[in-house]
Each structure stands twice: as C-alpha cells, then as structure tokens.
Amino acid sequence: MHLIHRPDIASSEITPRETWLDRRRFLGGAAAGALALAAGDLLVPTTAQAANAPREKLAGVKKSGWTVPETLTPYQDVTTYNNYYEFGTDKADPAENAHTLKTRPWTVRVEGECAKPATLGIEDILKLAPLEERVYRLRCVEAWSMVIPWVGYSLSELLKRVEPTGNAKFVEFTTLADPQTMPGVRGRVLQWPYVEGLRIDEAMHPLTLLTMGVYGEVLPNQNGAPVRLVVPWKYGFKSAKSIVRIRLVEKMPTTAWNRSQPSEYGFFANVNPEVDHPRWSQAKERRIGEFRKRDTLPFNGYAEQVASLYTGMDLRKWF
Amino acid sequence: MVPAADGATPATSANSASVRPGGSRGLRALRIVLWIACLLPLARLVWLAATNGLGANPIEFISRSTGTWTLVILLATLCVTPLRQITGWTELVRVRRLLGLFAFFYVGLHFINWIVVDQFFDWPAMLKDVVKRPFLTVGFAGFLLMLPLALTSTDAARRRLKRNWARLHTLVYVVPVLGVLHYWWLVKKGVQTPFPYTVAVVVLLGWRVLAWLRGQRKVAREGR
C-alpha cells in the first residue's frame, strides 16, 4: 500500500522562476549571511555578462500539449550551464562571452531541394506560425539533463512553406561562425561552421521545434539566439544554435561532431540508455538540480512519438 | 652544481646533524605559506558551497576542482628536487612530504566525491565503469598507487623500509602520468585544458631522466 501518493506535477504547479530565485537567495543568505553573499557575488563570476543582458518577453505565446509534467530546471541554470563551443568549451563560457553576438539583423537562408527557396528575416520567422511554449526534456551526451520551457513552433511549419521536392531526403543546418564575435571560432576545437542534420522525416516530425525563446522570453545569446533547433529525443548537440542556413539535401550531411569523432558521435544520436558512449555509460543521467542519478529513457522519454521512425534500424549501428 | 641524488639517499640528507629539528626560519615560513596555499582550494569549495556558488552542476564542479588541485600539488611535489638542485637549498626536501600528503588529501576528496556524491555507493556501476572506461581505470590506478605512498610517509615507516622506501616512492613518477592520462581521456576531442599539465609532467620527469643520464656518465668516467 502506498502511504504517500505522489501525483505528477501539473505545469501550473511548477514554481515560477522568480519565486525559485527568491528561495535560492534566501537559502544562500541563511547559509552564509547577507554579508557573505554580497562578497560572494564579487568573488564568483556566476552572474556573467550575457546573463545580465536585458530580457525581453515574447508576446502571444500559447501553452502547448507537448509538455512533460516534470519540474523545470531553473532559468539561472538553463542560461549559465551551456555547451556552445563557439563561445568557449567551459560550461560557463557562453554566458560570459556570448554578449558579443549580434542577433539583429538576422536572416536564415532556406534552400536546396525545394520549390520555393527563401531568405527569411528573424522578424518573419517569429510571425510565420503561432508561438507555443513546450516543456521538453534535454539530455546532453555528457550524461546530464534539464527540463526546459522552450518557445517556438514545429520546424515543419517553415519547411512546408518552401515546398521540399521528392529529392529532399535530409535537412542540413548551418550555424553562424563569426570569428569577430565568437572567440571559440578563432580556435580549432571543431571545424567551423558547426553543421548539424536530420533525416527529412525527423525534421518534419511535430516534436522538432524551431526555437526562438525560453521561459517566455527571447532566447538569451548563450542559448543559441536568435533561432535554434530543439530535437528533444536526440542528444543536445543535434540541436543546432544560431542557425543561418537550412538546406534540403539528398545525401546525409556531414555533421560537426560526427566529422570530429565518428566513433563517438553518430549522425542519428538518439538518446539511448543501451548504447554507451565509448568513454562513458549512457544508462543514467544527472538531472541538473538533483542529487541522485536517474535512469535515462529510450528516446529521452519520447519513444511513443518517435520510435516508429526507426523501425527495422539497428540502433547500435546507427547510434 | 649540487650533486643530484634524487630521492636515492633522502634519509641521510633529512637526518644530517647540521639540520635543526624545525628547520631554518626560511623553511618554517615556507611551510606556513604552503599549508595556507594548499588549504585555499578547499576553503574556496566550502565558501562556494555555502554561498550557492558551485553552479548548475555542483558535483561536477567539486570533481573537477579536487582533480585539478591533486594534479597541481602532485606537480608541485615533483618540483621540490629540481628546485633544490637549482638553488642549492637542501632543506627544501623537507616540504616534499607536506606537499605529497596534500596531493593525497585532494585525491581522497576527489575519490570520496565520486563514490558518495556522484555514484552514491552504486558499487556494481562503479566496478563496471572502472573496468570498462579507460579514464576511470587509469584514475583509479593512480589513486591506488598513491595509497602506499601516503601510508609510508611517516619517519617510522621510512626507517623500517630502509632502502625499499626510496624504491617504493619512485611510484610518485608514475602517478602524475596516470593523472594526465585520466584527464585527456575525460575531455571531449579538441579540448586542450590538460595540455599545460602534460607539459609540466614531461618537463619534470625529463629533468629526472637527464639527471640520471648525467649520473650514469659520471659513474662511467670514474670507473675508468
């Protein structure tokens, strides 16, 4: 018999960010005293430059049914713990360095195997379809995870408008590589620009989100502003940030991490607890903010929606 | 140049009658400085933990910090002999144990953080990882090799082990190599953070090799 019944948390019951931050400040204050806290802010550069950038609400965002009933990862963690190598390889680097990124004006070229190629300004992209808030799990290939309220719409909305031809088997995403504003691009940690790709059916899947916001606001630069991809059933590196070109192609694109280390990062990169990274296990993950590790779910918990895309494929071979 | 006998006859230099029990004033000052310096990384972690400053992934932060400081202090330990030879300040050998034990202290924290906080006593998973993941295999081996060094660091153990003490303690040359390998195997391709530590290990071990070669040549000359 269950003595304590613990229902799933409704999204309406999720602690708002402001309240959470207040609680966090309170706990910090209680632990070390207000004086210590003030000095701590001077010593610890967690409130990074980009994190201090002005924040802008997105208008007309409606809630979406694509929402997991799990506790949100705090805004502070979502915006200061990032992998965005164009701004440095440390998790704290993007929040420190990404303030240099110019997100206006911004255009995305959509081209390749389609009837109506187009160059879209970011303003057009924001108006192309109604903005939805979707709470997705994010699972990084490094075995940590978050739950994030993204704002955007299905990538398929955009792709449909350019009318892909029958030859469009894959979609290639090219992201900005500007050595002027991106210190990481001046180094050689990866081959720039960062390129990612999806099979056309993956790209057209309603879960695949073209993302312009987070927490109801315009995306912070360190999270891939002004427009990025979020593919929740794949490891985070598939979700390209700061996209400048979307190309419909016939052949499987060469993607950045796959080119760099093909034995470790496959093209598909579906979250799979049974296929380990060569250097570490993928069976478990640490949800940011939690102490104990939790089990990683097949397709990051989206198996019901996406497993059918891979029927008959050997997922050990096509990792 | 001061004769180089790296750790070969430490008992005689440490016990030599000319050295006062507490060491010179300079040595005592250096000891205090090193104590403070070696405790600072821990103080910083405690401070950050108390002020919510460990970031989004505190467990990873602690792991990286204690791992990095283990490596730094290990390398500092390996600096003692070259510095002694360069400066001629023979007393310097008497801070070596202090540094070595602090390196062990931080690797201990690193290890406990892994077992308790990161893995939460999931023994099967840990065992599997140590066997299967090269970065954990070498990291674990490095930790195991440091154990006997820390356990035999007392004067009594050194007296009891006689010549074997110096033999045993040559393991200190292996540990940082394992530490650097552990680091390289851990980071993603292209990340260069382990590079400076690698250079330091190569230089410090290279120094020993050169000193040994010089010694061999001297022996050969004198034997003629």
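**View 1. Residues that join helix 3 and helix 9 of chain B in the predicted model.** In this predicted model, helix 3 of chain B contributes T70(B), L71(B), L74(B), L75(B) and L78(B) to the contact, and these residues meet V175(B), P176(B) and G179(B) of helix 9 of chain B. Sorted by class, the contact of helix 3 with helix 9 of chain B holds six nonpolar and two polar residues, and no charged ones.

**View 2. How helix 3 and helix 9 of chain B lie against each other.** Two packed helices are described by the angle between their axes and by the distance between those axes. Helix 3 of chain B covers residues 58-87 and helix 9 of chain B covers residues 174-186; the two pack at an angle of about 150°, and their axes are 10 Å apart. Since angles over 145 degrees count as roughly antiparallel, helix 3 and helix 9 of chain B are therefore roughly antiparallel to each other. The crossing of these two helices of chain B is left-handed.

**View 3. An open sheet of five strands in chain A.** Chain A has eight helices and 13 strands, and five of its strands form the open sheet shown here, in the order 3-2-11-6-7 and with mixed pairing. Strand 3 (118-121) and strand 7 of chain A are the edge strands, each of which pairs on one side only. On average, and with direction ignored, neighbouring strands of this sheet are turned by 15° against each other.

**View 4. The pairing of strand 6 with strand 11 in chain A.** Strands of a sheet pair through backbone hydrogen bonds, in either a parallel or an antiparallel manner. Strand 6 of chain A and strand 11 of chain A, the latter made up of residues 243-249, pair in the antiparallel sense over six bridges. T174(A) stands opposite R245(A), a residue of strand 11 of chain A.

View 5. When residues up to four places away in sequence are not counted, W192(A) touches A177(A) and V185(A). A177(A) is 15 residues away from W192(A) along the chain, and the C-alpha atoms of these two residues are separated by 6.2 Å.

Notes: Residues are numbered from 1 along each chain as its sequence is written. Chains are lettered from A and ligands numbered from 1 in the order in which they are written. This is a predicted model: local features need pLDDT of at least 70, side-chain atom pairs count only at pLDDT 80 or more; totals for chains, interfaces and linings use all residues. Two residues are in contact if their C-beta atoms, placed from the backbone, lie within 7 Å. Helices (H or I, at least four residues) and strands (E, at least two) are DSSP runs, numbered from the N terminus. Axes are lines fitted to C-alpha atoms, for helices over the stretch in contact, and angles run from 0 to 180 degrees between N-to-C directions. Angles under 35 degrees count as roughly parallel, over 145 as roughly antiparallel, 65 to 115 as roughly perpendicular and the rest as oblique. A crossing is left-handed if the near helix is turned anticlockwise from the far one by less than a right angle, and right-handed if clockwise. Ala, Val, Leu, Ile, Met, Phe, Trp, Tyr, Cys and Pro count as nonpolar, Asp, Glu, Lys and Arg as charged, and the others, Gly among them, as polar. Two strands pair if DSSP finds at least two bridges between them.
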